[in-house]
Amino acid sequence: QVQFVESGGGSVEPGGSLRLSCAASGSIPWFYSMAWFRQGPGKQRELVASFTGGSGTNYADSVKGRFTISRDNTKNTVSLQMNSLKPEDTAVYYCNTDGARYGWGQGTQVTVSS
């Protein structure tokens, strides 16, 4: 059974940076694309960044140019580098496949405020 453990969240001021990490236990088929999601206060969970076929990536318009998704296949981890953070980025961040095929982990809280 696949489980995800997210880490790296915290509280930062606007303009700050954080790097999130996701460790996956279990075997995920190579053809599933990994992704990061977030759920802000009072909002629905949304897709933030994902890998597409091959080495491509896809980002929500709200984070383009600020967030970068990466992976380490040897360690079975996926990361999200977040720069130029804004208060509207405040949310709990989760990883999963882009189709959310597995159960959700605990997530990691990101709070951006001055």
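**Close-up views of a predicted model**

Arginine 45 lies over the face of the tryptophan 104 ring, 3.9 Å from the ring centre; a charge counts as sitting over a ring if NZ of Lys or CZ of Arg is within 6 Å of the ring centre and within 35 degrees of the ring normal. The model is predicted, so local features need pLDDT of at least 70 and side-chain atom pairs count only at pLDDT 80 or more, while totals for chains, interfaces and linings use all residues. Residues are numbered from 1 along each chain as its sequence is written, and side-chain values use heavy atoms, with hydrogens and water left out.

**View 1. Arginine 45 and the rings of tyrosine 94 and tryptophan 104.** The charged end of arginine 45 also sits over the ring of tyrosine 94, at 4.2 Å from its centre. Tryptophan 104 is partly exposed, with a relative accessible area of 35%; buried means under 20%, exposed over 50%, and partly exposed in between (1.4 Å probe, protein chains only). The ring centres of tyrosine 94 and tryptophan 104 are 5.7 Å apart and the planes are at 70°, so this pair is edge-to-face. Rings of Phe, Tyr and Trp (its six-membered ring) pair if their centres lie within 6.5 Å, with planes under 30 degrees apart counted as stacked, over 60 as edge-to-face and the rest as tilted. Tyrosine 94 is buried, at 10% relative accessible area.

View 2. The structure holds 4 aromatic pairs. One of them joins phenylalanine 37 and tryptophan 104 edge-to-face, 5.0 Å centre to centre and with 85° between the planes. Phenylalanine 37 lies in strand 4 (residues 34-39) and tryptophan 104 in the loop between strand 9 (91-97) and strand 10 (108-112), so the pair ties together parts that are 67 residues apart in sequence. Strands (E, at least two residues) and helices (H or I, at least four) are DSSP runs, numbered from the N terminus. Phenylalanine 37 counts as buried, at 8% relative accessibility. Phe4, Tyr32 and Tyr102 form one aromatic cluster.

**View 3. The disulfide between cysteine 22 and cysteine 95.** The structure holds 1 disulfide, defined as a pair of cysteine sulfur atoms within 2.5 Å. Cysteine 22 is joined to cysteine 95, with an S to S distance of 1.8 Å. This pair links distant parts of the chain, with cysteine 22 in strand 3 (residues 18-25) and cysteine 95 in strand 9, 73 residues apart. The torsion about the S-S bond is about 50°, so the disulfide is right-handed. Both cysteine 22 and cysteine 95 are buried.

View 4. In the order 2-10-9-4-5-6, 6 strands form an open sheet with mixed pairing; two strands pair if DSSP finds at least two bridges between them. Strand 2 (10-12) and strand 6 (57-59) are the edge strands, each pairing on one side only. From one strand to the next the twist averages 25°, based on axes that are lines fitted to C-alpha atoms (for helices over the stretch in contact), with angles from 0 to 180 degrees between N-to-C directions.

**View 5. Strand 4 and its partners.** Strand 4 pairs with strand 9 in the antiparallel sense over 6 bridges, and arginine 38 stands opposite tyrosine 93 in strand 9. Strand 4 and strand 5 run antiparallel and are joined by 4 bridges, with tryptophan 36 opposite alanine 49 in strand 5. These two strands form a hairpin with 6 residues between them, and glycine 42 in the turn has a positive phi of about 70°.
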